[in-house]
Amino acid sequence: MMTESGGGDVPGDIENPPVVQPTDAAGANTSNNNNPNHDPYHRNQTHKKWKVVALSFFLVAVVVIAIALGVTLGNKDNDDNATTSSSQNTVVGGVTATDGSLSNGASNDVTTGSTSDGNTAGDDIEPSNTEGGNEEATDEITDSGTAVESDGPAVVQEEPSTEFLKPNGPLLSKVRMINPSITNGYPTCSVLEEDIRNALKHYANSIISSEMNYDSSWNCGHDPFDPEWGYGYEHLNGTDTPDYEYPGFEYDSEVKVDAAPEAAASFDASGSDGGNLAGARPIEDSYDTNNQVSDADEADIVKSNGKWVFAGYGDVLFAWNATDGTNGISITKMPYNDTSEENCTSPYYGGPFPEPIAVAVEETTAGGNADATDSATSSSSQGNGASGKKNRHGVKRHLNYRGRNNNNRQTMSIMPPCFDCPMPCYKPPKPRILSLLLEGDRLVAIVSEENYQPIPFDGPKSVPPIVSNWQKLVVRVYDISDVPSDGSPLTLLAEKSIKGEFNDARSFDETGILVTTSYLDTWQFATGLYRYNKEYCGLNATEYSKKASELAQNMTDEFATRLFEELELDDDCSNIFQISAMQSGSDEDSTDGNLLSNFVQISRFDMAADYSNQDIPMKRGGAFAPGYIRSIYSSQNSTFTFNSGYSYNPELGQWESSTFILGFDISGDPSPLAIAEIPGEPINQYAADLFDGHLRVATTKWHWWNDVSTTTNRIFVLKVPDETEGSKMNVAGFTKHLGKINESIFAVRYIGDKGYVVTFEQKDPFLVVDLSNYTDPHVVGELEIPGFSSYLHPIEIDGVQLMLGIGQHVNESDPWAGWDGVKISLFDITNSSNPIERTNFIDKNAYSNAQNDFKSFRYLAASQKLILPKSEYNYGAEGNFDGFVVYNITLDSITSSFEIQHASNDE
């Protein structure tokens with residue numbers, strides 16, 4: 001029988017209900033218990049009958065207790081929920097009004113539509129179309145697949161009536177939504193630090209508000225990342241022995257760990273015999289990278305100036321004569337700390353490395369089910385001096401299969417960490433050349449290096465960085481005015497290390513532009529706020545909120561200062577977009593509250609500098625991006641990053657995917673230029689193009705809930721503002737839905753005032769879009785063919801304007817059979833209203849990487865040769881291919897000229 005707890009119950013505490021004293025279920029049988037004539041052990045009753053009667057009484061008692069307990073707890077939960085609902089924290093200006101919340105005596109008069117200073121927060125809102133009055137309409141897709149225009153909600157959602165997110169928790173925070181004012185940057189870095197603090201408090205509020213509704217009592221005090229608890233593990237019972245056992249096995253916590261593999265041997269490139277490609281014409285002088293924009297040279301892993309070819313391969317930079325491969329080669333290896341075991345100072349993270357030992361296990365079996373007794377023999381452990389050692393809790397556990405009847409066998413186990421044993425040395429991976437830039441007599445190599453810093457196992461704990469630095473970029477500038485051919489390296493002029501991961505790079509004459517993303521470890525700030533932490537055990541929602549709020553308040557200043565210092569902004573924050581949420585349509589937070597997950601950085605440097613001190617001076621601009629970068633577009637004076645975000649659709653009552661565009665001015669020091677928002681997502685960098693002061697962007701918007709069509713494809717035309725027009729890129733116009741129902745955009749290419757779009761679901765509509773009138777872009781020509789193109793490349797043969805398309809063929813008779821080979825199409829686009837496919841070539845069962853990596857596409861205009869990588873696998877020893885194919889391109893035919901197969905591993 002349970003008894004009531006001696007006080008301490010909190011009225012209305014939904015997480016700690018009082019212990020309920022159930023009704024004495026035996027009351028139903030008191031007549032039996034109090035009757036002196038009743039004797040359950042009377043000699044006239046059999047022992048068997050007594051068992052039946054006792055069992056019946058027991059079952060009745062259990063049922064009565066269960067019913068009484070359920071009713072009592074149900075009533076109590078209802079009372080608690082009502083009490084909790086009536087006493088929820090009322091947020092007033094970000095401060096809760098209950099006694100259990102934080103209050104610093106301040107108030108925040110943020111309301112919908114206005115701010116505390118009296119200014120209307122919606123002043124920056126502009127209509128979606130400001131040029132020509134292109135009224136918005138929603139396309140309805142008919143059964144025939146044609147798009148018709150009808151009145152409907154605006155495609156571009158209006159901005160909410162306030163520029164700040166609604167307060168979302170107990171801490172005072174003020175976080176803006178994206179709006180044109182964020183391009184103003186920061187007048188001082190202290191203002192940026194204050195914005196970081198506000199963003200951290202907003203993040204804390206999101207966590208606390210969410211955790212208040214989460215009952216963590218079942219796992220209170222357990223870290224979900226503890227390897228001995230949580231998913232795949234069970235709670236230990238205090239003796240370090242698991243509470244469960246797999247059938248036929250005993251648990252063994254000593255897991256075998258393989259030794260670190262040896263570094264791969266360096267390859268020998270001295271055997272290259274060079275030679276010219278068969279059929280190559282001496283008149284061919286096309287060595288440039290396959291660039292999207294003519295004045296922007298894109299970074300690539302292979303570059304050439306017509307005289308030399310430079311190629312990055314792993315951690316080695318090769319250079320050889322472009323016209324005579326037998327003339328020798330230059331080999332430049334990236335620096336690498338190849339630490340020997342004797343000089344090792346970087347052990348594996350986590351401390352001493354356990355080593356396997358042989359363990360003799362003796363089993364006394366009785367039908368294969370008896371417990372096993374194990375002992376380590378001296379012969380199996382003398383070599384490590386670890387005989388008889390137990391694990392860190394003093395308990396031995398081994399993986400013993402009980403189904404075997406062998407009495408003595410040898411197994412391999414793992415010793416616990418041996419603090420006196422030698423440890424293998426940690427060797428980071430070799431550097432990797434990611435991309436190259438080439439201009440004049442300068443070559444820039446962008447190299448990725450692991451920046452692993454081991455934490456001493458027995459030393460003081462170090463604080464991990466917030467700005468992720470486990471991997472860093474190193475920019476190295478080499479002099480190529482005199483390229484050696486005797487195997488010696490290029491001359492290094494300067495280098496610079498940069499935090500972050502590589503996104504892309506461009507060069508405009510002698511100016512280099514580098515785009516990187518640094519990932520920010522805000523988990524350090526957030527982890528202590530989650531309710532599974534033991535300091536919140538036993539607290540109700542209000543008590544938890546107060547305690548977690550105090551912790552967040554105390555952490556904010558120190559964390560914000562550390563983050564700012566690690567960004568290394570050189571005390572110039574004027575070129576940083578103001579922190580904002582990438583969302584529109586509602587001031588309710590559309591994310592998990594973390595606005596500081598990434599920091600995107602644009603770096604500008606002079607490739608032709610003298611580098612007297614061997615350093616590379618860089619000017620930088622940046623932005624905190626809570627989402628991720630979908631693509632990047634760069635032209636001579638501008639770089640645009642396309643960031644993921646959300647827009648609230650009030651008619652549907654749900655959030656939809658949007659793209660937020662941040663424009664950087666790179667004509668001088670990188671700085672904020674303009675912003676824009678458009679529905680949907682661009683497929684890649686070719687979906688955007690800058691022409692005559694207007695940015696054209698093609699997107700696919702997905703709406704899976706629509707039973708008519710799951711996609712809407714459009715091209716948006718945005719006016720890029722000049723110095724007198726503010727900082728918002730307004731939508732000048734946009735197309736109707738492009739393609740048929742359920743089709744999405746697979747390829748885009750712009751030439752002047754025309755756009756060429758490929759959409760696909762089962763067939764390939766090739767569309768020509770007239771963009772000459774910015775307020776009225778529309779389709780003027782369409783061609784429907786089987787398959788699709790994923791890359792479009794404009795060419796000209798004998799004065800005829802053509803478009804080469806690379807993609808996949810789809811069998812018309814069985815479109816659901818899948819893609820069945822590479823398809824090369826040659827489109828005649830001379831007549832925009834009537835595009836035609838002049839010819840095509842289908843390579844069955846083949847795949848080309850050029851469908852995704854557009855820099856591997858190579859067209860030689862003078863020779864009319866197309867070079868593509870190709871892979872073909874036929875699930876057998878014969879007919880497989882991995883290499884390059886050279887095609888002849890004429891106005892009326894595409895034919896395979898010859899193939900170049902890569903050497904196999906055995907060659």
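Which hand does the link of Cys-189 and Cys-573 have about the S-S bond? I found it to be right-handed, with 105° about that bond.

**Basis.** I note that the model is predicted, so that local features need pLDDT of at least 70 and side-chain atom pairs pLDDT 80 or more, while totals for chains, interfaces and linings use all residues. Residues are numbered from 1 along each chain as its sequence is written, and side-chain values use heavy atoms, without hydrogens and water.

**Disulfide.** I searched the whole structure and found one disulfide (a pair of cysteine sulfur atoms within 2.5 Å). The bond runs from Cys-189 to Cys-573, with S to S at 2.1 Å. Cys-189 lies in helix α3 (residues 189–212) and Cys-573 in the loop between α6 (541–567) and β19 (583–584), so the bond ties together parts 384 residues apart in sequence. Helices (H or I, at least four residues) and strands (E, at least two) are DSSP runs, numbered from the N terminus. I looked up both cysteines and found Cys-189 and Cys-573 buried (under 20% relative accessible area, with exposed over 50% and partly exposed in between; 1.4 Å probe, protein chains only).

**Leu-652.** I located Leu-652 in the loop between β23 (638–649) and β24 (654–665). Leu-652 counts as partly exposed because its relative accessibility is 41%.

**Asp-295.** I placed Asp-295 in the loop between α3 and β5 (297–298). Its relative accessibility is 34%, and therefore Asp-295 counts as partly exposed.
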